[in-house]
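Subject: Handing over a structure

Hello,

Here is the structure I promised to pass on to you. Have a look at it first, and then read on for what turned up.

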Amino acid sequence: MSPLADLRILVVEDEVLIALEIEERLKGLGCEIVGPVGRLERALELARSTALDGAVLDVNVKGGLVYPVAEELLARQVPVIFSTGYAPDTLPPVFRSLPCLRKPFGTGQLEDVAQEAFVGRRGKIPPS
């Protein structure tokens, strides 16, 4: 049994094929998926109101940035993984210590980062 089994993970991704691939990979590891969500407003709603064990957040969602969702989750001590096609050093300094997957990423990368973020260490908002 995967150490990720039964964890509730929010997936925020606006590219349908990528969202489905992340969902499938995490379900294969035993996670329960919340979403995938392709709109920032809905993602923020879920971040505020849903019991979650972690989140995989695309940085750029329909031209908007996911940072308010990340802030909400981190304030609730929900670990966050960013997903982006850009280099991790493009993240704002406050988020650079958080795990970041650079697209495209493989199943092994997702599993390793998810285990570290969601099981190995509970993410907290980094100091400003």
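Is Cys 31 buried or exposed? Cys 31 is buried, with a relative accessible area of 6%; buried here means under 20%, exposed over 50%, and partly exposed in between, using a 1.4 Å probe and protein chains only.

Before going further, please note that this is a predicted model, where local features need pLDDT of at least 70 and side-chain atom pairs count only at pLDDT 80 or more, while totals for chains, interfaces and linings use all residues. Residues are numbered from 1 along each chain as its sequence is written, and side-chain values use heavy atoms, leaving out hydrogens and water.

Now to the cysteines. Searching the whole structure gives 0 disulfides, a disulfide being a pair of cysteine sulfur atoms within 2.5 Å. For Cys 31, the nearest cysteine sulfur belongs to Cys 100 and is 19 Å away.

Next, the nonpolar cores, each a set of buried Ala, Val, Leu, Ile, Met, Phe, Trp, Tyr and Cys residues joined through side-chain atoms within 4.5 Å. The largest has 25 residues, and those touching the most other members are Leu 10, Val 12, Leu 57, Val 69, Leu 73, Phe 82 and Phe 95. Helix α3 supplies the largest share of this core, 5 residues. Helices (H or I, at least four residues) and strands (E, at least two) are DSSP runs, numbered from the N terminus. A second, separate core has 17 residues, including Leu 7, Leu 29, Ile 33 and Val 56. As background, nonpolar side chains tend to be buried together in soluble globular proteins.

There is also a helix pair to look at. Helix α2 (residues 40-49) packs with helix α3 (residues 67-75) at an angle of about 5°, their axes 9 Å apart. Axes are lines fitted to C-alpha atoms, for helices over the stretch in contact, and angles run from 0 to 180 degrees between N-to-C directions. The two helices α2 and α3 are therefore roughly parallel to each other, as angles under 35 degrees count as such.

Finally, Glu 72 sits in helix α3 and is partly exposed, with a relative accessible area of 24%. Not counting residues up to four places away in sequence, Glu 72 touches Leu 44, Ala 47 and Arg 48, where contact means heavy atoms within 4.5 Å. From Glu 72 to Cys 100 is 28 residues in sequence and 18 Å in space, C-alpha to C-alpha.

Enjoy exploring!

Best wishes

Terms used
Angles under 35 degrees count as roughly parallel, over 145 as roughly antiparallel, 65 to 115 as roughly perpendicular and the rest as oblique.
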